[in-house]
Amino acid sequence: MKIDGKRAIWSEYQKDIEEDHYFYVRSCIRQNFFPGSEVAFLRIMRDVLKKDVYEHPCHTTCSGIGYHGDVVPVDTAMTVVARQFALMTEAGYKNYVPSCITSFGLYTEILETWHHFPEVEERVRKHLRNATGREFNIPGNLAHASDIIYKFRKEIAAKAKYTLVNKETGEPLKVVDHIGCHYSKMFPSKGVGGAEYPYVLAGMIEEWGGEVIDYPERRHCCGFGFRQYLVQANRGYSVACSREKFESMKPFKPDMILTNCPGCPMFLDRWQYVINEMEGTTYGQNGEGIPVFTYEELAGLVLGFDPWDLGLQMHQINVEPLLDKIGIEYSPEKKFSLNTDPAVSKVKHFAKAVY
Amino acid sequence: MDKFGFTISKGRQIDYDLNDRFIAEYIFEHEPSFRLCIECGGCSSTCSTGQFTLFSLRELHILIKRGENDKARQNIRKCMLCGKCMLVCPRGVNTRNVVLLARQAFQKENEHAV
């Protein structure tokens with residue numbers, strides 16, 4: 001990757017990210033797609049970095065998935081978001097951290113709207129008051145969870161058990177970064193590194209020993225696109241978008257793909273299987289697919305977490321070849337066993353007794 | 001299709017790096033008036049073949065210039081070479097010769113491929 005021009009762009013697009021005391025809100029879909037990622041984030045923040053992260057049990061969807069799927073009107077979306085801000089205010093926090101990229105995009109869009117049209121904010125405050133009796137403060141700082149991991153990437157590197165290096169050859173792993181469209185394409189100044197060449201994941205890859213791969217379709221959508229996938233007849237467009245990206249990155253022989261969005265890892269991972277079934281094509285080396293990771297999973301791997309605690313057994317593309325390449329220790333027998341965690345065994349035992 | 005309920009949509013991107021513009025270059029060389037075409041569509045409106053089939057000389061010109069030769073190859077045989085298009089062309093393009101040269105070029109391409 002030619003780095004000089006990008007460094008100039010990256011230096012222009014930097015954002016303030018708070019040090020501590022985060023109000024964390026989960027994604028609607030990530031816990032189904034990549035169930036270990038959000039837990040890994042909390043574990044890294046609380047146990048490794050010793051930060052204060054609060055989760056509110058009454059948090060709901062931000063409604064962004066319905067808003068971008070054209071079924072939720074913007075006033076409804078703004079009122080739902082206002083309720084989330086009210087939960088944050090009641091809990092005594094002001095640093096809002098969404099796990100989802102589309103939530104982050106929606107919050108950014110709504111805050112910008114309220115900034116330019118204060119009368120809309122007043123209207124939404126009235127809606128919320130009438131519906132729930134709640135009041136809210138605007139967050140002092142809005143940062144996506146990947147911004148937080150980016151901010152502490154050096155601290156994570158200092159505590160790392162593994163680096164993104166091929167243990168046989170000593171060469172850095174070739175990593176493709178893929179940023180969710182709603183991260184900074186709408187508001188470039190709100191993302192680390194801007195819209196054209198976001199630095200948020202590239203910074204992590206560099207810091208943890210990998211090499212960032214640039215390729216022609218780097219900024220192309222993963223193919224989720226909401227309506228492209230939600231309507232079955234449109235899914236051909238979704239898989240075509242992913243295919244465009246795979247075809248473009250294949251000549252660079254990437255070892256892995258790193259993402260920061262709920263939909264991107266899902267589609268870049270699962271569509272590789274579908275394309276293989278339809279056309280018999282694979283894009284990785286030795287006839288394998290290219291493994292896809294979320295930034296929490298990668299941070300967890302670097303820190304030495306058990307791959308199966310991170311939920312890597314839920315990936316469509318097998319991750320074992322990459323784990324072997326880095327030299328990460330894992331137990332193949334425990335891949336699909338839920339007995340690794342004593343708390344889980346207890347629940348299983350309880351379920352057996354009840355049913 | 002049966003398995004998933006959908007297929008991979010084909011891209012409609014025109015990729016000049018991949019497309020072969022040999023046919024267009026051949027016509028430009030032997031019939032320079034081909035460059036004067038402004039794709040007004042006068043030729044297609046007056047075309048007898050176009051009245052009864054989906055043949056369009058205007059479309060053919062565009063396809064050849066883009067290097068989308070497969071589609072052009074399918075259509076080029078439909079022209080009856082009557083020459084009415086030449087009479088209405090406001091730019092004086094020798095359209096009949098363009099079709100003849102395109103057929104020659106496709107022939108050469110086939111021989112070359114063999």
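Two bridges join strand E5 (residues 174-178) of chain A to strand E6 (residues 211-212) of chain A, and the two run parallel. Two strands count as paired if DSSP finds at least two bridges between them. This is a predicted model, where local features need pLDDT of at least 70 and side-chain atom pairs count only at pLDDT 80 or more, while totals for chains, interfaces and linings use all residues. Residues are numbered from 1 along each chain as its sequence is written, and chains are lettered from A and ligands numbered from 1 in the order in which they are written.

Back to E5(A). In E6(A), Val212(A) is the bridge partner of Val175(A). E5(A) is also joined to strand E7 (residues 256-259) of chain A, by four bridges and again in parallel. There, Val175(A) stands opposite Met256(A). How many of the five residues of E5(A) are buried? Four are, which leaves the strand mostly covered. Buried here means 20 or more other C-beta atoms within 10 Å of the residue's own, exposed means 12 or fewer, and partly exposed is in between, with C-beta atoms placed from the backbone.

Next, the open sheet. Four strands of chain A make it up, in the order E2-E1-E3-E4, with parallel pairing. Its edge strands, E2 (53-54) and E4 (141-142) of chain A, each pair on one side only. Strand E3 (residues 95-98) of chain A runs parallel to E4(A) and is joined to it by two bridges. Tyr96(A) has Leu142(A) of E4(A) as its bridge partner. Helix H6 (residues 101-116) of chain A packs on this sheet and touches strand E1 (22-25), E3 and E4 of chain A, its direction making about 140° with that of E3(A). Contact means C-beta atoms, placed from the backbone, within 7 Å. Axes are lines fitted to C-alpha atoms, for helices over the stretch in contact, and angles run from 0 to 180 degrees between N-to-C directions.

Now the helix pairs. Helix H13 (residues 235-249) and helix H14 (residues 263-279), both of chain A, pack at about 100° with axes 10 Å apart. H13(A) is therefore roughly perpendicular to H14(A); the classes are roughly parallel under 35 degrees, roughly antiparallel over 145, roughly perpendicular from 65 to 115, and oblique for the rest. Ser238(A), Val239(A), Ser242(A) and Arg243(A) of H13(A) meet a group in H14(A) that includes Phe267(A) and Trp271(A).

Helix H5 (residues 74-91) and helix H7 (residues 118-132) of chain A have axes 9 Å apart, at an angle of about 70°. That makes H5(A) roughly perpendicular to H7(A) as well. Among the residues that meet are Met78(A) and Ala82(A) in H5(A), and Val124(A) and Leu128(A) in H7(A).

The axes of helix H3 (residues 37-48) and helix H15 (residues 295-303) of chain A come within 8 Å and cross at roughly 50°. H3(A) and H15(A) are therefore oblique to each other. Residues in this contact include Phe41(A) and Ile44(A) of H3(A), and Ala299(A) and Leu303(A) of H15(A).

Last, the chains. How many residues does each chain bring to the contact? Chain B gives eight and chain A gives 13.

Note on methods: Contact = placed C-beta atoms within 7 Å.
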